[in-house]
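Reader: I would like a close look at a single part of this model, with the cut-offs spelled out as you go.

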Amino acid sequence: NRFHVEQWSYLLDRCSEMQEPTGSLLDNSMLMYGSGISDGDRHNHDDLPIVLFGKGAGSIAPGGHIRYENGTPLANLYVSLLDRMGANVDAFSDSTAALPRLSG
């Protein structure tokens, strides 16, 4: 885990250093780090530890903690991110709807 987090940190640093006409690469990106299982012993996939980095070209306000209702499919996050990229989809995998907000 330490190795992966160190690599993630390196990637985020590099993205923040790369400047584009409208900000850094990180400002214009949406990067997700997390796990598909919250409790490996029970194979539980509730309360997943997911972190979003970047501002999605201004479509995501950083700095918040959001907790969604139990049973909310992770695919709802994917639908929300796809929407912010301009790939409007009605559903993805087991999604039920886009998430109501992505900022704290």
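Which strands do the buried residues of helix 2 pack against?

Author: A word on the basis comes before the reply: this is a predicted model, in which local features need pLDDT of at least 70 and side-chain atom pairs count only at pLDDT 80 or more, while totals for chains, interfaces and linings use all residues. Residues are numbered from 1 along each chain as its sequence is written, and side-chain values use heavy atoms, with hydrogens and water left out.

The buried residues of helix 2 pack against strand 3 (31-34) and strand 4 (50-53); helices (H or I, at least four residues) and strands (E, at least two) are DSSP runs, numbered from the N terminus. Helix 2 itself covers residues 75-84, and its buried residues are Ala-75, Asn-76, Leu-77, Val-79, Ser-80 and Leu-81, where buried means under 20% relative accessible area, exposed over 50%, and partly exposed in between, with a 1.4 Å probe and protein chains only. An α-helix has 3.6 residues a turn, so residues three or four places apart point the same way. Just after helix 2, Gly-86 takes a positive phi of about 90°.

Turning to strand 3, the loop that lies between strand 2 (23-24) and strand 3 holds Ser-29, which counts as buried because its relative accessibility is 14%. Leaving aside neighbours within four places in sequence, Ser-29 is in contact (heavy atoms within 4.5 Å) with Phe-53, Gly-54, Lys-55 and Gly-56.
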